[in-house]
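Please walk through this model with the viewer open. The paragraphs below go from strand pairing to a helix, a loop residue and a surface patch.

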Amino acid sequence: LLVCRAGRVIVAAHPPMRRLLETIEGITVISPREVPLQDFAVQCALLSLPLAFASGLDSIPTGVPYLRADPSEQARWDKRIGGRGLRVGIVWAGNPVTSRDRFRSPGLSSVAPLFSVPGIDFVVLQVGPGREDRDVNRLPPHVLDLGQELNDLADTAAIMAGLDLMISSCTGPLHLAGSLGVPSWAMIPFAPHFTWLLERTDSPWYPSMRLYRQERPGQDWSGVMARIAADLSRSDLRHALSTSAGPRDDESVRGSMAPVDDQTPSRCGTPTWTTNSRNQTTTMETGGFNELARCRNGLMLYNRNDIYIGASLRKYGEFSAGETELFRIFVQPGMTVLDIGANIGVHTIDLSHLVGTSGAVHAFEPQRLIFQTLCANVALSSCANVFTHHAAVGAAKGTLLVPSLDPNGQHNYGGLSLQGAQQGESVPLIAIDDLDLLVCHVMKLDVEGMETEALQGAAATIARCRPILYVENDREARSAELIALLQSYGYRLYWHFPPIYSANNFRADPENIFGITISVNMLCVPGEFPQSSLAVMREVTGPTDRWHQG
């Protein structure tokens, strides 16, 4: 958020944090000793940023993960950990110099009963003075202690990224796990730090976290440990964790993440789950042309014959993650976003999470079967802030013929052009200006060559709301007129080429089946906006500029 707002951002960080923070795009990390040598206009303490952004419960940015582990480092630690059970990291103490640390840190003696839960591969990530507890309470032989091998928080992040669950007291590793999106169970004292609020088992800061609170003041943690041990023994929660779904309340575990009975009847055949190399359940074949997969955003439905989006979700659990990375920079809670050409909703779900409950996403998709899948994915993710529209978007209201693709054939369903179609299903054609939107902060267009017409039909909305635009521009024959139109609207344009494959993908799959295939898009920013934060992107010079130049 700060990179988007301020442009040049310098972060002064102590050595243990430096490598980790360098995973955040758009910032310069320095040591505190270098601060006097820097030229800057405004200074703010890191933990004062929520105040600076006037964050409330309904506007806390929750687009996790916003920190990243190095894939090669994660692979190295994965080999070091090994194991066949549920991988659970544990930290039992914080810095004793901190005020009231004796109340927030259970200590090794309190968490030791957890080690007796069968089928768990515990990994100790405790560093600092808390490690002295091992002199009094010996670790069982089956518990792997990596605390002494950690050099900095980047090492800790690389280990956490390969865990099924992190259990921690109220200390730095707990916040790190939440920032990485790792399923986390927090041991919270009776009188907690303000970030944990009161009388709730979830955290508005970290969607993947569950809170276990002390029942009474003092240093008795037996009740917390008993509840954690009971939950670790539950087969439904363990199944959810082992399939990267994260801890959920009882009802959501039963409803969406419970094991599927192979005898369950299906209209199109018998649904069967398949597993990956780590014996994690990943995809369910329905017997028809659709599949269901456990992905970064939860369950996603897709056509198994889709050679790009479907293939990527099946193998990697995500699609074109580089676009989402960019969205995280400028999409904020409370915004209204238009996703025009939403396809099955991979990025619609991302945008829904970023705008939060106080925002809204309008998703438009003209292909009927694809639209049905879009609605299914919105429902599977419980995105109450998404409004779906079965319509094409153009320069004026009318109808449009949408060619029908055989769902049982292999196609690039996201690459279907609607221009000049002479046959197909008749679909409403709308102009964005006819929606009379009160606000529009971001407009994403991926309409396979009809971007110019869609923008012409949104001219009044663009002039009134001045949204950030993210526009596909991979049709070279139409590129010049598209660029000219956007520049006539008073926008500065920047090329953005996210690869379809990401080495840091959700399933940590190192095989790249897409090679160097990229998407060709433009980030379009109103000319009156500060431009310094976009210095790393190549600016579009004019209508004759082509993405493959330079």
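Two strands count as paired if DSSP finds at least two bridges between them. In this predicted model, β17 and strand β18 (residues 425-430) pair in the antiparallel sense over five bridges.

Next comes helix α13, which spans residues 321-330 and is mostly covered, with seven of its ten residues buried. These buried residues are Ala321, Glu323, Thr324, Leu326, Phe327, Arg328 and Phe330. What do the buried residues of α13 pack against? Their partners include two helices, α1 (2-6) and α14 (346-355). They also pack against the strands β19 (442-445), β20 (468-472), β21 (491-496) and β22 (521-526).

Two loop residues can be set side by side. Thr171 sits in the loop between β6 (165-169) and α8 (172-180). Its relative accessible area is 11%, and the cut-off for buried is under 20%, so Thr171 is buried. Apart from neighbours within four places in sequence, Thr171 is in contact with Val91, Ala93, Gly94 and Arg104.

Leu46 lies in the loop between β2 (27-30) and α3 (49-52). Here the relative accessible area is 58%, and exposed means over 50%, so Leu46 is exposed. Together with Met17 and Leu47, Leu46 forms a nonpolar patch on the surface, with about 340 Å² of accessible area for the three together.

Key: Residues are numbered from 1 along each chain as its sequence is written. This is a predicted model: local features need pLDDT of at least 70, side-chain atom pairs count only at pLDDT 80 or more; totals for chains, interfaces and linings use all residues. Side-chain values use heavy atoms; hydrogens and water are left out. Buried means under 20% relative accessible area, exposed over 50%, partly exposed in between (1.4 Å probe, protein chains only). Helices (H or I, at least four residues) and strands (E, at least two) are DSSP runs, numbered from the N terminus. Contact means heavy atoms within 4.5 Å. Patches are made of residues with over 30% relative accessible area and no salt bridge: like charges are joined within 9 Å, nonpolar side chains (Val, Leu, Ile, Met, Phe, Trp, Tyr) within 5 Å. Accessible areas come from the Shrake-Rupley method with a 1.4 Å probe; for residues, only the protein chains shown count as cover. A salt bridge is a side-chain nitrogen of Lys or Arg within 4 Å of a carboxyl oxygen of Asp or Glu.
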